[in-house]
Amino acid sequence: SEYVERSSIDIIKNYYKEKGFYLVDVYLTHEPDTTIKNAAKATFHVTKGDKIKIEKINFNGIEEGVKELKLVKSMKKTRDRRLFNFFKSKKFIEKEYKNDKESLMAVFSEAGFRDAKIVSDSMYYIEPNRLAINFKIEEGQKYYFRNITWTGNSLYTEEELNNVLMIKKSL
């Protein structure tokens with residue numbers, strides 16, 4: 001049926017997407033099966049193309065606090081073609097991309113920008129198999145901590161409480 005054909009093609013495309021092949025082309029041909037009555041032989045033709053690799057990651061809207069180099073390094077699996085990423089994988093994997101966006105926001109939070117958010121992120125092709133990613137980021141206000149004393153903490157130590165709340169005394 002047409003539903004089985006479409007869902008099978010989607011399963012094949014998703015399999016190749018997980019491997020980094022986003023420009024995969026799949027089509028199906030079928031012919032009657034002579035050995036079984038009312039049956040057909042289905043053949044899937046797959047052209048996987050090239051792996052999609054990340055050429056450049058751009059950050060817009062960063063005014064003070066966090067340096068671009070620190071942001072790029074925080075994204076562990078989503079890497080672009082920079083000199084210090086020479087031996088690392090630059091292929092684009094959507095699942096890892098979502099995790100790396102969260103680690104990107106964690107860097108802002110550690111730097112005191114608790115209200116920071118990604119306003120938009122866009123991807124576009126530079127070349128047929130090269131991708132560029134643009135992040136538009138709103139830093140928000142930077143928060144500072146001075147002297148904090150914890151009283152009545154019998155279950156956790158001061159250090160544990162500071163780590164959980166990501167509080168670091170600024171100098």
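The accessible surface of the protein amounts to about 12400 Å², and carbon and sulfur atoms account for 51% of that area. The model from which this value was computed is a predicted one. Of the 171 residues of the protein, 26% count as buried. The chain forms 4 helices and 5 strands, which follow one another along the sequence in the pattern α-β-β-β-α-α-β-β-α. Among the contacts with a separation of 6 or more, 56% are made by residues 24 or more positions apart.

Three strands make up an open sheet in the order 3-5-4, and their pairing is mixed. Strand 3 and strand 4 (117-127) lie at the edges, and each has a single partner strand, so one side of each is left without a neighbour in the sheet. On average, and with direction ignored, neighbouring strands of this sheet are turned by 20 degrees against each other. Helix 3 packs on the sheet, where it touches strand 3, strand 4 and strand 5; the direction of helix 3 makes about 135 degrees with that of strand 4.

Strand 3 and strand 5 run parallel and are joined by 7 bridges. Within this pair, Phe59 has Phe135 of strand 5 as its bridge partner, and Asn60 stands opposite Lys136. Strand 4 and strand 5, by contrast, pair in the antiparallel sense over 9 bridges, and a hairpin of 2 residues connects them. Here Asp121 stands opposite Phe135. Strand 5 is mostly covered, with 7 of its 9 residues buried.

In soluble globular proteins, nonpolar side chains tend to be buried together. The largest nonpolar core of this protein has 17 residues, of which Phe59, Leu71, Leu104, Phe108 and Phe135 touch the most other members. Strand 3 (53-60), helix 2 (68-74), helix 3 (94-110) and strand 5 (130-138) each supply at least two residues of this core. The greatest contribution comes from helix 3, which gives 5 residues. Apart from this core lies another, of 5 residues, including Ile9, Ile12, Val24 and Leu28.

Because its relative accessibility is 9%, below the cut-off of 20%, Phe59 counts as buried. Neighbours up to four places away in sequence aside, Phe59 touches Glu68, Leu71, Val72, Met75, Leu104, Phe135 and Ile137. The C-alpha atoms of Phe59 and Asn134 are separated by 6.1 Å, although these residues are 75 residues apart along the chain.

Leaving aside residues within four places in sequence, its contacts include Ile57, Asn58, Phe59 and Asn60, together with Met75. Also among the contacts of Phe135 are Tyr97, Lys101 and Leu104, as well as Ile118, Ser120 and Asp121.

Note on methods: Residues numbered from 1 in each chain as written. Predicted model: local features only at pLDDT ≥ 70, side-chain atom pairs only at ≥ 80, totals over all residues. Heavy atoms only, no water. Buried < 20%, exposed > 50% of the residue type's maximum accessible area, 1.4 Å probe, protein only. Contact = heavy atoms within 4.5 Å. Areas by Shrake-Rupley, 256 points an atom, 1.4 Å probe, with all protein chains shown as cover. Core = buried A, V, L, I, M, F, W, Y, C linked by side-chain atoms within 4.5 Å. Pairing = 2+ DSSP bridges. Axes fitted to C-alpha atoms, helices over the stretch in contact; angles between N-to-C directions.
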